[in-house]
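Please read these notes with the model open. They are numbered so that each can be checked separately.

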Amino acid sequence: MPGRVPITVRTARWCAAHPWRAVAGWVVFVALCIGAGAAAGTNKGTFEDFWVGEAGRAEAMAARGGLTPAPVEHLLVTAPDGGRLDRADADAAARDAARRLAGLPAVVDVADPRPSRDGTALMLAVTLRGDKETAKQDVDALLRQTEAVQKAHRDLRIEQTGSASVSNGVNDKQGKDLQRTELISLPVTFVILFVVFGAVLAAGIPVLLALTAFAGAVGLYGLASWVFPDAGGAAISVIFMLGMAVGVDYSLFYLKRAREERERGNGTIGHTAAVELAAATSGRAVVDSAVAVALSLGGLYLMDDVIFSSIATGAILVTLVAVAGSLTVLPALLSLLGRRIDGRRAGLPRTDGGRAPARPGPRRGAGGGRMWAAMLRPVMRRPLATLLLGVAATAALALPALNMRLGTEGKETFPDSIPAVAAYDRLTGAFPAEGPAHLVLMTGDEPARHLAGLARRADGDPLFADTAPPWVSVSDDGRTALLRLPVPYAQNSDEATRSLQRLREQLIPDTLGRVRGAEYAVSGEIAAGADYAHHQEQRLGLVIAFVSAATLAVMFLAFRSLVLAALGVLLNLATVMVAWGVLTLVFQGTWAEGPLGFESLGFVGSRTPLLVFAILVGLSTDYQIFVVSRIREAVRRGVPTRQAVVNGIAGSASVVTGAAVIMVSVFVSFLFVDRIEMKQIAVGLTVAVLFDAVVLRALILPAALALLGDRSWWPHAPGPKGGARALGRAAERRAAAAPSGAAER
């Protein structure tokens with residue numbers, strides 16, 4: 001009795017039989033996603049969503065006491081050459097700036113100008129209304145007035161900096177960089193696909209589907225943000241990166257398999273039959289891969305962090321939309337275009353209006369398959385030595401990860417090409433107390449007196465900036481107070497870290513810790529970064545365990561083999577460790593600064609390792625599912641496991657290599673984003689995909705399967721199965737019975 005036809009085949013069959021309906025349905029679906037997202041808008045995360053650990057408790061105490069610091073922008077007046085200021089000219093410029101800014105609705109107060117100790121700078125502190133979010137909306141008006149003051153006093157350098165102006169500057173530059181990334185990655189992807197397929201239509205379809213998947217996912221992300229708030233647009237970059245990678249790859253797998261089935265039949269397999277065969281094989285692999293990617297990214301929700309939740313939401317949505325397009329509109333387009341998608345290799349026109357079979361010739365990718373088969377021969381002859389060599393190479397690349405140092409992005413980590421960032425560097429150089437600061441909150445009796453005592457204990461300590469008198473704010477009820485302790489060092493410096501340790505472990509226990517009934521906590525940029533990194537460290541093991549278990553389950557359900565599932569998990573972890581090791585080598589040293597265009601900060605961004613882990617596990621499983629599916633097909637045809645390994649890897653070499661090159665091109669394009677966190681993600685993913693597609697596929701995976709032999713399939717050995725071929729024959733019979741011309745579609 002024939003088995004049930006897989007849903008991927010039934011879907012492809014309907015879409016191929018009703019192509020215009022399928023295409024119209026896809027267009028409507030994407031349009032509805034975009035329209036719904038635009039109508040709903042994007043729900044931005046609140047400040048409370050970002051609170052973590054002790055720093056988060058301090059922020060909550062400040063909010064309850066009405067002590068949350070108001071947003072402040074600073075105007076800095078210096079000589080163009082950085083030398084000593086002409087005080088009269090500087091005072092005149094400061095008065096002009098104060099007059100202009102005081103008249104703006106967003107400005108609450110303009111402080112008196114304050115000179116630096118060395119006489120090289122003059123600073124005006126401008127307090128804004130509202131909070132940090134409203135400040136981002138109001139700051140453009142201040143920047144326009146600052147530009148006007150600069151034009152009126154050309155013999156001085158007048159610039160503005162602050163959290164709002166830096167944030168807007170970073171976002172504006174990143175938006176421009178991402179546009180440049182799109183301009184780079186799209187044509188490069190098209191050229192790679194043209195080389196793979198040798199036809200314009202075949203190259204254009206995966207790019208088109210990836211772009212529509214990206215557009216639809218962005219619309220759905222707007223709707224989803226009302227459940228998982230958006231973390232300042234952090235997800236959009238990942239949506240584009242992953243959308244281009246998996247969107248193109250899924251279409252490539254499907255399209256390449258359909259063409260391969262037609263060429264294998266040497267003109268005897270019609271286009272519809274080839275589409276159904278592709279749906280039964282590559283379509284199933286694409287679904288398994290998408291499930292693996294989605295589950296891997298779903299592990300980010302366990303971080304209980306708004307940034308990771310927003311990224312996971314966007315990445316999962318673009319993966320699901322991409323696989324939906326590959327299973328529906330792609331078969332419809334293949335049916336509509338017929339053999340025209342083969343370009344010059346399409347059949348010649350016949351006098352009856354049909355098309356003759358394609359001209360005979362070697363199948364595409366045959367040369368690459370033979371090359372891979374030749375490469376695999378020594379591996380299969382000496383699998384143990386090859387495995388040991390591959391493991392040694394993996395260990396050598398992964399070992400530096402043990403010395404990875406994590407840090408968080410701060411104003412000093414952003415590029416100086418952003419005017420507000422360059423101004424911040426000059427501001428903190430002239431006024432060290434305007435840099436990072438610890439915010440100490442206390443609730444209890446006489447909090448101001450106790451915090452003043454803490455400030456006296458810190459006075460004279462080189463880890464803290466000299467401030468006299470101490471900066472203490474008190475709530476209206478007098479029960480809560482805030483002390484600001486500036487630190488004259490960069491946020492991620494060793495000195496800043498030691499100052500936080502000194503404060504939390506020594507100074508506070510010796511002062512506030514002895515006050516009966518007092519509640520206290522420390523916040524600020526340094527404390528928030530440290531607590532955020534600690535929060536990640538606490539949950540990292542849980543995420544790795546969940547993702548590994550999910551991968552194990554997906555691989556087992558795909559192949560009914562515990563051995564292959566366990567091997568897949570180990571290979572995934574090996575890929576991740578290699579990526580982490582290379583990240584440490586590249587970004588904690590200075591040797592790669594020139595080629596990659598960055599300035600080493602001596603650490604890896606605290607979010608980068610986990611993002612790389614979640615994305616890589618999904619993509620690595622993607623490759624494994626596709627390659628092992630080919631190996632299993634050969635085993636089901638009666639080929640011994642060792643030979644099936646060679647056949648499967650060599651047979652999939654063209655498409656997997658093409659997919660890897662496309663992913664690498666997409667990831668490399670993000671190196672042109674002038675933000676070190678994006679460069680780190682790009683390097684980690686690029687190295688890992690190359691390692692996965694070459695070292696693991698050419699050495700470790702075949703060697704391991706050769707050593708395991710038939711035990712690779714334990715506990716369910718794949719017996720002979722002709723389901724895919726039966727589907728192909730059934731499709732050919734339907735095509736033969738169809739009216740003339742319909743079968744050729």
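1. Strand β7 (residues 437-443) is covered on both faces: A437, L439, L441 and T443 are buried on one side, and H438, V440 and M442 on the other. That makes 7 of its 7 residues buried. Buried here means under 20% relative accessible area, exposed over 50%, and partly exposed in between, with a 1.4 Å probe and protein chains only. Strands (E, at least two residues) and helices (H or I, at least four) are DSSP runs numbered from the N terminus.

2. The model is predicted: local features need pLDDT of at least 70 and side-chain atom pairs count only at pLDDT 80 or more, while totals for chains, interfaces and linings use all residues. Residues are numbered from 1 along each chain as its sequence is written, and side-chain values use heavy atoms, with hydrogens and water left out.

3. Which strands pair with β7? One is β9, antiparallel over 7 bridges, where V440 has L483 as its bridge partner. Another is β10 (residues 519-523), also antiparallel, with 5 bridges; here T443 stands opposite E519. Two strands count as paired if DSSP finds at least two bridges between them.

4. Strand β9 (residues 480-486) also pairs with β8 (residues 471-474), in the antiparallel sense and over 4 bridges. In that pairing V472 stands opposite L483. β8 and β9 form a hairpin with 5 residues between them, and G478 in the turn has a positive phi of about 75°.

5. Where does L67 sit? L67 is found in the loop between α3 (53-64) and β1 (72-78). L67 is buried, with a relative accessible area of 10%. Not counting residues up to four places away in sequence, L67 touches A62, L441, S473, V474, S475, T480, A481 and L482; contact means heavy atoms within 4.5 Å. T480 and L67 are 413 residues apart in sequence, yet their C-alpha atoms are 8.3 Å apart.

6. β1 pairs with β5 in the antiparallel sense over 6 bridges, and L75 stands opposite Q160 in β5. Strand β5 (residues 157-162) is mostly covered, with 5 of its 6 residues buried.

7. In soluble globular proteins, nonpolar side chains tend to be buried together. The largest nonpolar core in this model has 161 residues, of which Y254, L297, L300, F667 and F670 touch the most other members. Helix α23 (residues 676-708) gives this core its largest share, 19 residues. Apart from it lies another core, of 24 residues, among them V440, V487, L507 and I526. A nonpolar core is a set of buried Ala, Val, Leu, Ile, Met, Phe, Trp, Tyr and Cys residues joined through side-chain atoms within 4.5 Å.

8. L297 is in contact with L242, A312, A315, I316, T319, A614 and I615, leaving aside its neighbours within four places in sequence.

9. For the whole chain, the secondary structure comes to 24 helices and 11 strands. The C-alpha trace spans about 90 × 55 × 45 Å along its principal axes. Of the 745 residues, 55% are buried. Among contacts between residues at least 6 apart in sequence, 80% join residues at least 24 apart.

10. The accessible surface comes to about 31,100 Å², with 60% belonging to carbon and sulfur atoms; areas come from the Shrake-Rupley method with a 1.4 Å probe, and for residues only the protein chains shown count as cover.
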